[in-house]
Amino acid sequence: VFVEFPKVQPVLSTDVLACDVGVNIGVARSDGYKSKSLRPLLNQATVRKAARQKQGHRKKSSRTTVKQMLDREARKAVTLAAQTGKTLVIESLQTLSNLKPTGTIGGWPRIHYGERVRQIAEEMSVFVWEQWPARSSITCPACGHCDKTNRRGEAFHCMACGFVGHADTVASWNLARWARGKIRSYLEKAAKKKHDSHNRLVTVPL
């Protein structure tokens, strides 16, 4: 069945909602929202996988339940952005695809979440801005001090100003802050270009 609906051009705004994907907090948003951890899902999948292998069953991907949770979180974020007229900020998918897989589950959950956000956002006419995510979880959102020692596991403690928070939430705040500055600069350049183009089109009377 094919369904046709009018496509509305999304509007780019400096009012943003940023999302960061991790293991200890599945999805952390810049509005303070924290989803459930991915770790219990991964642990359950590991136990089920071991039991199936012991019984001689075919292997089953442990990613299914994680993907289902990330799909729900993606729809929540896009729906909120649509209701509030915000630009949704995610980590750059091109950057994530070029990173070497590290950590408990590598980078595929972040890529999957970003792809689902883009798909749903297209349906709901929400503008998605992809932000370079490097050092987002080790940079202080209060003073801008960037150092690996700022982060210890889930905990973030700035060595310069003493700011304390959760590393994933801090990352979402930094993504929002950086994207806001980039978007503002982009809009200013676009407005200047439009103004210059309009001036060139004005005819001079003889």
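Author: One term before we start. Buried means under 20% relative accessible area, exposed means over 50%, and partly exposed is in between. Keep in mind that this is a predicted model.

Reader: Fine. How much of the protein chain counts as buried?
Author: 34% of its 206 residues.

Reader: And the accessible surface, what does it come to?
Author: About 12900 Å² for the protein chain. Carbon and sulfur atoms hold 54% of that.

Reader: How many helices and strands?
Author: Five helices and seven strands.

Reader: In what order do the elements run?
Author: Starting at the N terminus, the protein chain goes β-β-α-α-β-α-α-β-β-β-β-α.

Reader: What share of the contacts joins residues at least 24 apart?
Author: 65%, counted among contacts between residues at least 6 apart in sequence.

Reader: On to charges. How many salt bridges?
Author: The count comes to five. One of them joins Glu91 and Arg110, with the closest N and O atoms 2.7 Å apart. That pair links distant parts of the chain. Glu91 sits in strand S3, residues 87-91, and Arg110 in helix H4, residues 108-124. They are 19 residues apart.

Reader: Is Glu91 buried or exposed?
Author: Buried, because its relative accessibility is 5%, under the 20% cut-off. Arg110 is partly exposed at 24%.

Reader: Which residue does Arg118 bridge to?
Author: Glu130, with the closest N and O atoms 2.9 Å apart. This pair also links distant parts of the chain: Arg118 is in helix H4 and Glu130 in strand S4, residues 128-131. The separation is 12 residues.

Reader: How accessible are Arg118 and Glu130?
Author: Arg118 has a relative accessible area of 39%, so it is partly exposed. Glu130 is partly exposed too, at 30%.

Reader: What about Asp31, which side chain does it meet?
Author: Arg29, in a salt bridge of 3.1 Å, N to O. Arg29 counts as buried at 7% relative accessibility. Asp31 is partly exposed at 40%.

Reader: Why would such side chains pair at all?
Author: Side chains of opposite charge can pair when their charged atoms come close.

Reader: New topic. In what order do the three strands of the open sheet lie?
Author: S5-S6-S7, with antiparallel pairing.

Reader: Which strands stand at the edges?
Author: S5, residues 151-152, and S7, residues 164-166. Each has a single partner strand, so one side of each is left without a neighbour in the sheet.

Reader: How many bridges pair S5 with S6?
Author: Two, in the antiparallel sense. Strand S6 spans residues 155-157. Arg151 has Phe156 in S6 as its bridge partner.

Reader: And what holds strands of a sheet together in general?
Author: They pair through backbone hydrogen bonds, either parallel or antiparallel.

Reader: Last one. Where does Thr169 sit?
Author: In helix H5, residues 167-201. Thr169 is buried, with a relative accessible area of 4%.

Reader: Which residues does Thr169 touch?
Author: Leaving out residues up to four places away in sequence, Thr169 touches Ile25, Ala28 and Lys34.

Reader: How far is Thr169 from Val27?
Author: 142 residues in sequence. In space, the two are 8.9 Å apart, C-alpha to C-alpha.

Reader: Great, that covers my list.

Key
Residues are numbered from 1 along each chain as its sequence is written. This is a predicted model: local features need pLDDT of at least 70, side-chain atom pairs count only at pLDDT 80 or more; totals for chains, interfaces and linings use all residues. Side-chain values use heavy atoms; hydrogens and water are left out. Helices (H or I, at least four residues) and strands (E, at least two) are DSSP runs, numbered from the N terminus. Buried means under 20% relative accessible area, exposed over 50%, partly exposed in between (1.4 Å probe, protein chains only). Contact means heavy atoms within 4.5 Å. Accessible areas come from the Shrake-Rupley method with a 1.4 Å probe; for residues, only the protein chains shown count as cover. A salt bridge is a side-chain nitrogen of Lys or Arg within 4 Å of a carboxyl oxygen of Asp or Glu. Two strands pair if DSSP finds at least two bridges between them.
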